[in-house]
Structures are given as C-alpha cells and as structure tokens.
Amino acid sequence: MATAGKVIKCKAAVAWEPNKPLVIEEIEVAPPQANEVRIKIVATGVCHTDLYHLFEGMHKEGFPVVLGHEGAGIVESIGPGVTEFKPGDKVIPLFISQCRECRFCKSPKTNQCVKGWAADRYDVMALEETRLTCKGKKLLQFLGTSTFSEYTVLNQIAVAKIDPAAPLDKVCLLGCGVCTGFGAAVNTAQVEPGSTCAVFGLGAVGLAAVMGCKFAGAKRIIAVDINPEKFEKAKVFGATEFVNPKDHSRPISQVLAEMTEGGVDYSLECVGNVAVMRSALESCVKGWGVSVLVGWTDLHDFAARPIQLIAGRTWKGTLFGGFKSKDGVPEMVKAYLDRKVKLDEFITHNMTLDRVNDAIELMKHGQCIRTVLSVSQP
C-alpha cells in the first residue's frame with residue numbers, strides 16, 4: 001500500500017484523563033518496526049473493560065490512552081521479520097499474546113503468555129512503548145491493542161489471521177467478550193452434558209457463557225440478573241430459567257440450592273463484583289461444584305468460608321475464556337461461519353467511531369448488549 005513505511009495520520013478516540021469523555025483527535029501512527037503489523041481497524045466493539053479502565057481503575061499512569069480492544073481489521077503493512085501476515089489479510093488484534101515459545105505457551109494448562117502488556121504492566125493495562133502519538137504526546141496502547149483508532153500497530157504474536165470470508169463488523173466481538181464467556185464454560189469450567197449451570201450477569205460475556213453452557217450440553221441453564229428485561233435475550237442463547245435476586249429476601253445461593261437439590265454443578269460469575277463472586281461459589285453443589293470468575297476486576301479482595309472449598313467445591317478464574325489466542329480465535333471465527341456459535345444476536349447498536357461516548361453511556365446504563373463501532377471503511 002502507498003502508506004507503507006510512512007507515518008499515518010488518522011482519527012482515534014483519545015482518553016486524555018480518567019472519568020472524562022473521550023475526544024476524537026487526529027493522531028500519528030508510526031510504521032511497524034521489527035516483528036510488528038500495522039492494522040487498519042474496520043470495526044470494534046465497546047466492552048466493559050474499556051469502561052473499567054476509564055471509570056473504575058482510573059490508574060493515573062494509564063493515561064492518555066486510546067481504548068478499545070475488541071476489534072477486527074485488515075493488515076496495512078508489516079515490519080521486518082514478519083512472515084505470517086501480508087497486506088490485505090483480515091485479522092483480529094489480541095489482548096493476550098501467544099508467542100508459542102514461552103513455558104506458558106508450550107503448556108496445555110494455560111493460555112497466558114509471558115510476553116505482552118500483562119507481563120509487567122498489569123495495573124496500567126498498557127505497554128510503555130507505543131507507536132501512537134497526538135499533539136507531540138505519547139499515547140498508551142490499551143491492552144496492547146487500541147482499537148478505537150483507524151490504525152494501530154501490534155506485535156505479530158498478538159494478531160490472529162482469520163478467514164477472508166468473515167464479516168469484520170461481527171467477528172470483532174471474538175476479540176474479547178464472546179470468547180471470554182463462551183470459553184469460560186467450555187474450556188475453563190468444562191461444563192458436562194446433562195449438567196445444571198448458573199450464569200450471573202447477562203451482559204455480552206454472560207450471554208456468551210450461557211451459549212457456551214448450551215454448546216457443552218448443559219440440561220438446565222439458570223440465568224441470574226437484576227434486570228428481568230434481559231431474560232428474553234438470554235433465552236435466545238439457551239437459558240432455560242431466570243432468577244432475579246431482587247425478587248427474593250433470601251440469599252440467591254439459597255434460592256438456587258432449593259431449585260437444584262443442593263446447588264448447581266457449575267456457576268459462572270460474569271459481573272466483576274466480589275460479592276457476586278462469593279454468591280456464585282456458594283450456589284455450587286458441595287462435593288463437585290465448580291465456580292468460575294469471569295468478570296474483570298482488580299479493585300477489591302474477595303472472601304469465602306474455608307468450608308466452602310473443604311466441602312469439595314472448586315473456585316477457578318479465566319482470562320479470555322482459556323483460549324490460546326492465535327489458535328482459538330480463528331477456530332471461533334470458523335465456528336461462527338459454520339453457524340455453530342452466534343454473534344449477530346449480541347449486537348444491539350451500530351454506530352460510528354465519533355459516537356463512541358454515546359456507546360459508552362449505553363453500556364454504563366445497561367441499555368445495550370454490544371455496540372459495534374464502524375471505525376473505517378474496509
């Protein structure tokens with residue numbers, strides 16, 4: 001492409017400081033260096049983790065930053081040493097890298113990788129080095145991706161090449177939310193056929209967890225949320241029952257225990273709330289119940305009574321649904337193209353990048369499942 005090797009000026013939504021609206025700015029995106037890929041972002045979802053950084057985590061060293069981590073686009077140019085990608089490839093940026101060489105990548109027990117932003121900048125949620133600048137200032141690259149920008153640069157270990165037939169405005173959701181929830185059920189909990197599951201929180205991640213439970217063959221899938229309007233949507237993805245904690249004076253764990261002869265086989269917490277995490281654990285049956293923490297948070301400690309685990313329950317966490325990113329994302333794209341998983345049904349709003357603050361407000365007030373932003377023309 002004519003832009004290869006040159007600095008590209010483009011639009012991006014910049015978060016200059018915490019707890020303030022994003023500003024659409026003209027930024028400069030430097031050419032890719034060794035082992036890097038510059039990507040033209042076509043579409044991106046707005047995920048709660050973006051809001052977490054902006055309104056909850058508010059780590060002052062994590063700004064200014066270009067948010068967004070649930071995107072899909074097209075390779076514009078490649079740096080020296082890149083052999084896996086070529087200009088024109090359809091790709092999904094990955095907030096978890098897969099170098100295939102470190103001890104974690106070589107282990108089937110985890111999907112984490114020692115390289116990338118999470119290795120040593122966990123609190124700031126961004127790497128020190130970045131190819132993005134605006135008004136002479138360095139912009140941090142959120143989760144190593146920054147998809148609220150027309151162009152971004154990633155190391156090739158954090159990019160997945162996908163089927164050229166994939167619609168980018170749908171498969172962008174596989175960059176975070178859908179893989180996270182679906183994989184939490186299928187990979188991390190390892191839900192078994194005929195089992196009973198409870199999913200706490202019916203945002204995009206929770207609905208994807210419901211879909212994962214159904215995919216794995218669960219017999220009963222109890223959807224738990226304080227917003228009863230979400231139940232009809234949950235049914236689309238496979239929920240069989242709905243419980244609103246506000247309808248009960250007793251703890252929700254007692255309600256679920258009564259419904260299921262002592263507790264569910266699997267529970268998945270998709271809110272990111274430590275009190276809900278405890279409720280989800282306590283909703284599991286003793287002896288073999290498995291509870292998975294899916295919702296992202298790092299603000300508070302969580303607690304439980306030791307007897308809950310001594311009695312045979314297992315408490316687990318999951319990051320990106322346990323998918324090894326470069327391997328798992330193309331497989332999920334294929335599953336969508338083969339109509340084995342849903343994506344279209346998650347999308348409640350479509351907007352352009354300049355309406356990113358409207359999309360954030362919708363999510364903040366629970367008025368959407370996923371808003372997909374059109375960032376640039378494919």
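# Rings, charges and strands in a predicted model

Colleague: Where does the charged end of K364 sit?

Modeller: In this predicted model, the charged end of K364 sits over the ring of F55, at 4.2 Å from the ring centre.

Colleague: And which ring has the charged end of R103 over it?

Modeller: That is the ring of F104, and the charged end of R103 lies 5.5 Å from the centre of that ring.

Colleague: Moving to ring against ring, how many aromatic pairs does the structure hold?

Modeller: The structure holds six aromatic pairs. One of them is formed by F237 and F346, whose ring centres are 4.4 Å apart and whose planes meet at 40°, so this pair is classed as tilted.

Colleague: Why tilted?

Modeller: Planes under 30 degrees apart would count as stacked and those over 60 as edge-to-face, with the rest called tilted, and the planes of F237 and F346 stand at 40°, so the pair is tilted.

Colleague: Which parts of the chain does that pair tie together?

Modeller: F237 belongs to helix α6 (residues 231–237), while F346 is in the loop between α10 (325–337) and β17 (347–352), so the pair ties together parts that lie 109 residues apart in sequence.

Colleague: Are F237 and F346 buried or exposed?

Modeller: F237 is buried, with a relative accessible area of 1%, and F346 counts as buried at 0% relative accessibility.

Colleague: Which residues form an aromatic cluster?

Modeller: F95, F320 and F323 form one aromatic cluster.

Colleague: Now the core. Which residues touch the most other members of the largest nonpolar core?

Modeller: The largest nonpolar core has 109 residues, and the ones that touch the most other members are F148, V171 and F346. Helix α5 (residues 204–215) gives the most to this core, contributing eight residues.

Colleague: What does V171 touch?

Modeller: Leaving out residues up to four places away in sequence, V171 touches A72, I92, I162, A166, V333, Y336 and L343.

Colleague: V224 sits in a strand, I think. What stands opposite V224?

Modeller: V224 in β12 stands opposite F200. The strands concerned are β11 and β12 (residues 220–224), which pair in the parallel sense over five bridges.

Colleague: How many residues of β11 are buried?

Modeller: Strand β11 (residues 196–200) is mostly covered, with five of its five residues buried. T196, A198 and F200 point one way from β11, whereas C197 and V199 point the other way, and all of these are buried.

Colleague: What about β9, and which way does β9 run against β3?

Modeller: Strand β9 (residues 151–155) is mostly covered as well, in that four of its five residues are buried. Strand β3 (residues 36–45) and β9 run antiparallel and are joined by five bridges, and the bridge partner of E36 in β9 is N155.

Colleague: In what order do the strands of the barrel close?

Modeller: Five strands close into a barrel in the order β1-β2-β7-β8-β4, and the pairing is mixed. Within that order, β4 (residues 65–66) and β8 (residues 137–141) pair in the parallel sense over two bridges, and V65 stands opposite L140 in β8.

Colleague: Back to charges, then: how many salt bridges does the structure hold?

Modeller: There are 18 salt bridges in the structure. Among them is the one in which the side chains of E84 and K326 meet, at 3.2 Å from N to O. E84 is in the loop between β5 (70–78) and β6 (90–93) and K326 is in helix α10, so this pair ties together parts 242 residues apart in sequence.

Colleague: Which residues are joined into a network by salt bridges that share partners?

Modeller: K86, D89 and K161 are joined into one network in that way.

Colleague: And what does K20 meet in a salt bridge?

Modeller: The side chain of K20 meets that of E17 at 3.7 Å, N to O. K20 counts as partly exposed at 41% relative accessibility, and E17 is also partly exposed, at 41%. Another salt bridge brings together the side chains of K170 and D169, at 3.5 Å from N to O, where D169 counts as partly exposed at 33% relative accessibility.

Key: Residues are numbered from 1 along each chain as its sequence is written. This is a predicted model: local features need pLDDT of at least 70, side-chain atom pairs count only at pLDDT 80 or more; totals for chains, interfaces and linings use all residues. Side-chain values use heavy atoms; hydrogens and water are left out. Rings of Phe, Tyr and Trp (its six-membered ring) pair if their centres lie within 6.5 Å; planes under 30 degrees apart count as stacked, over 60 as edge-to-face and the rest as tilted. Buried means under 20% relative accessible area, exposed over 50%, partly exposed in between (1.4 Å probe, protein chains only). A charge sits over a ring if NZ of Lys or CZ of Arg is within 6 Å of the ring centre and within 35 degrees of the ring normal. Two strands pair if DSSP finds at least two bridges between them. A salt bridge is a side-chain nitrogen of Lys or Arg within 4 Å of a carboxyl oxygen of Asp or Glu. A nonpolar core is a set of buried Ala, Val, Leu, Ile, Met, Phe, Trp, Tyr and Cys residues joined through side-chain atoms within 4.5 Å. Contact means heavy atoms within 4.5 Å.
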